[in-house]
Amino acid sequence: MENVLADALPFVAGALAGLLAGVGGILAMRSRGGSTPAETVTADGAGPHLQPPWRDFFELSSDWLWQTDAALTFVDIPGAPPSPSIAPPGIIGRNWEDVVIPQLSPDFATAHRTTLERRGPITVALTLTSPTGERRHLELRGRPLFDSTGCFRGYCGIGRETSERARLESALERAEERFHAVLTHSADGYWEQDTNLRYTAVTARSGRLADLAAEHLLGSRRWDLPGVSQTDAPWADHIEQIRQIASFSNFVFSRRNAAGDDIWLSESGVPVFDERGLFAGYCGVTRDITAERARLLALQSRETHYRAVFDDAPSALAVIDTDGTWKSANAALGRTLGVAAETLVGRPLADFQPEDDARDGQALRARILAGEPPPAGRETRFCHADGTERRCRETLAWQPATEDRPDAFVAVIEDITDRHATLVALQAAESRFRQLFDQAPEAMLVVQDNRIRLANLACRRLVCPPGMDGLDGLDPLELIHPDDRTMEAERLRHFLDDPTLEALPPLPVRYQRLDGRPLKIEASGIRLRLDGRDALLFVLRDVARWLSAEQVLRESRAMYRDVVESVNEILFQTNAAHRLTFLNRAWRHITGFDTRLSIGQSLLDFVVEDDRQRVEHELMSIRGGYADSARFEFRLRTQKSGPCWVEATVRPLRDSLDQSIGTSGTLDDITDRKNAEQSQRDLNVELETRVRVRTSQLEASNRELEAFSYSVSHDLRAPLRAIDGFAQIVAEDYGPYLDETGREYLQRIRAASQRMACLIDDLIDLARLTRQTMKREHVNLSQIAEQIVTELRLEDPDRIVDVHIEPNLYAAADRGLIRVALDNLLRNAWKFTGRRHDAQIRFHAEKRDRHLVYCISDNGAGFDMNFASKLFLPFHRMHGINEFAGTGIGLATVQRVILRHEGTIWAESTPEKGASFYFTLSH
């Protein structure tokens, strides 16, 4: 690109100079009063001008011819070609001070005004913005005009678009900056040589790589560097290669620096030719590879050491390829599998593992390859050559690829077959011990280091409150009552200090639960060994359970009695003859009858006479075994103002032989509920009456509205049709007698009447949407949108619009109404993107707050969100009628449709960046 620019700039400059000279000559002739064939007119002065000879030139070029008067106001040039798009719009009649000066920097504007005052030639460069937002550059060149008396008449000149030249100059400057940045910051050194292969240009980096100052390399050849001998083997071939004018790559050589250390360098170069194709030298790069060679030698040394350690390691080691095959294996792995180590190389691991283990291992390696960190180790099985399975522990390490080796896994495989068998036996024994310990009927706990280590289920039930199921780590003395804690601590100390005592004799001790409840416990203990250390096994027997059984029973009966007497429902029992045998206190509270006097009487005597037969039937069904339970409502007599409603739940009462001896149950007072239900029924009747009245009123209002709509549509259409018709007749019959203003007025009358007719139609359609009967069905919104877009493309085939409709968008909606809504939204999007060359319309759905939201968006004109509250009002428009056609009813219609579907609609927009309309539909 740089060479092309350098070659093209002289020609561009020459062409520009010639063009300016030609224009200047023409303008000079005009300024001297001379005439050209272009200025010759007919004898009567009314004939057309002849074409100036420079007009063809300017029509074929992109230059713009301009001229000002003595006041520096731009004037029209008769016969000049039209101004190109780069020229400032509406420039004729505007002053140089208003058009040009504001585009200049303050310093340059001051100097430019000085040039204008002394009537000197001018050259200015302007940066303009096209209507599409593109930045363009304009260069104006001009010279002053004087008449024959030397009086200043103005300026004339040409304007030329220099956008491409500015772009090329900017690109050339950026390319040079990048090239210099690469040379400055590159780790390699750059150099150039002449035809004698002597350095003519060297970057500072090249000097550092060669351990010499850059300026000391100029004038010398590569093999002239200190510490280099061109008689060595690589130099002869290299010198012969470059004398053949051939490129070379990665030529490696070494030299000794001033300190006596070897420096290894790698150079690459290509021949350079001049514009005549003659050899002009070489250019290339130099890289210091001393550290790389040192690392290579160290790596080779480590590889030798690693191989010796790998082969002789006592543990089984292997390198596994990413495809699951052995890459290498040491002798220990061969012994583990019962084969020679060298026979494993190249074979898949799956040949030496059961199918499940091989599949798990492959999945693990795949996860590690995907970036998951390798586990610390895993147990797996390998197949021995003798047919047995060996239990092994495999530890994997990921080994990323380097320059000399690919990706691989390093595996350490430890044979744990014997250890695993021992561990399984120990786990089985421990499991049996724990099962026996935990299921023992006596409460037991193990204490070690003055802390509870184990406590069986019976012990936890004994001392733990509900919701707590653990004693581990607790001091056993905390379970003893504070009054007996000192005594028990002394007894335990004496037992532990005397190794001759094998058991701790039983002794009644006061314990307490963790919630503070006291316990009477008989505690005994024995010594044992746990995990190789001394421990104590305590057995706790709850002796208070036997002593207080009768007390517990009495308390239970008292508690039962309290519960029965405290409930608000009537609890009762009857015998086979339906006579009451038990009643709680709620009987007197609800009915007012004395409980003691009521026992022995028939339950039916307290039932209201109208409900007595039904209650007797229910009790007989329970008594006869026809039903296990019954729930029914009836009215119960009271000593109050009137009967009360009760809900009875009755079950059979059976003896020890499962024979029915009566009934038992509850009576719940539901009088308030019955009164509320009656009030609710009365309220419903009243509401239904009001609804019928309001419905009739609404129907009458709708009929009046329909009559009014018909009257409006009929009475307004006739005058509008008359106005439009007579205006058309006047335009056709009397048009030739009217001037342009009159014809324009007639056209405006017709357009206004037609627009009024459209408004009437839209109003009627809007009113009809409210009365139209809805029929919901499963509707494919995507299919309806595709049909509407097809209609739009047929109506406007010249437009190219990128429309994306998400497929298979369904909704439960009225097909006709939802098509009206989608048609209005899509037509709005189509209309408001009319001025965009890259028009885009999208219909999709998304999830918001667990609701499905549909969206129609575009990149059109958009609107100001400050006026969004008026968006869906009838006749309210966000744009003028001269910008976009329409009546302002469409979005109001859309809102009516969405509201009838019990949905919501809203919009989001930014001016000139498009709009998005979101709506939901009730499902």
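In which strand is Asp858 found? Asp858 belongs to strand S29, which spans residues 851–858; strands (E, at least two residues) and helices (H or I, at least four) are DSSP runs numbered from the N terminus. The model is predicted, so local features need pLDDT of at least 70 and side-chain atom pairs count only at pLDDT 80 or more, whereas totals for chains, interfaces and linings use all residues. Residues are numbered from 1 along each chain as its sequence is written, and side-chain values use heavy atoms, with hydrogens and water left out.

Asp858 is buried but has no salt bridge. Buried denotes under 20% relative accessible area, exposed over 50% and partly exposed in between, with a 1.4 Å probe and protein chains only. A salt bridge requires a side-chain nitrogen of Lys or Arg within 4 Å of a carboxyl oxygen of Asp or Glu. The nearest side chain of opposite charge to Asp858 is Arg836, 7.7 Å away; Lys and Arg count as positive, Asp and Glu as negative, and His and the chain ends are not counted. The Asp858 side chain reaches the backbone nitrogen of Gly860 at 2.8 Å. Beyond neighbours within four places in sequence, the contacts of Asp858 (heavy atoms within 4.5 Å) include Ala829, Thr833, Lys913 and Gly914.

Elsewhere, Val567 lies in the loop between helix H16 (549–566) and strand S20 (570–575). Val567 is partly exposed, at a relative accessible area of 30%.

The protein chain has 24 helices and 31 strands. Of its 923 residues, 36% are buried.

Terms used
Polar contact = N/O pair within 3.5 Å; in protein donor to acceptor, adjacent residues only side chain to side chain.
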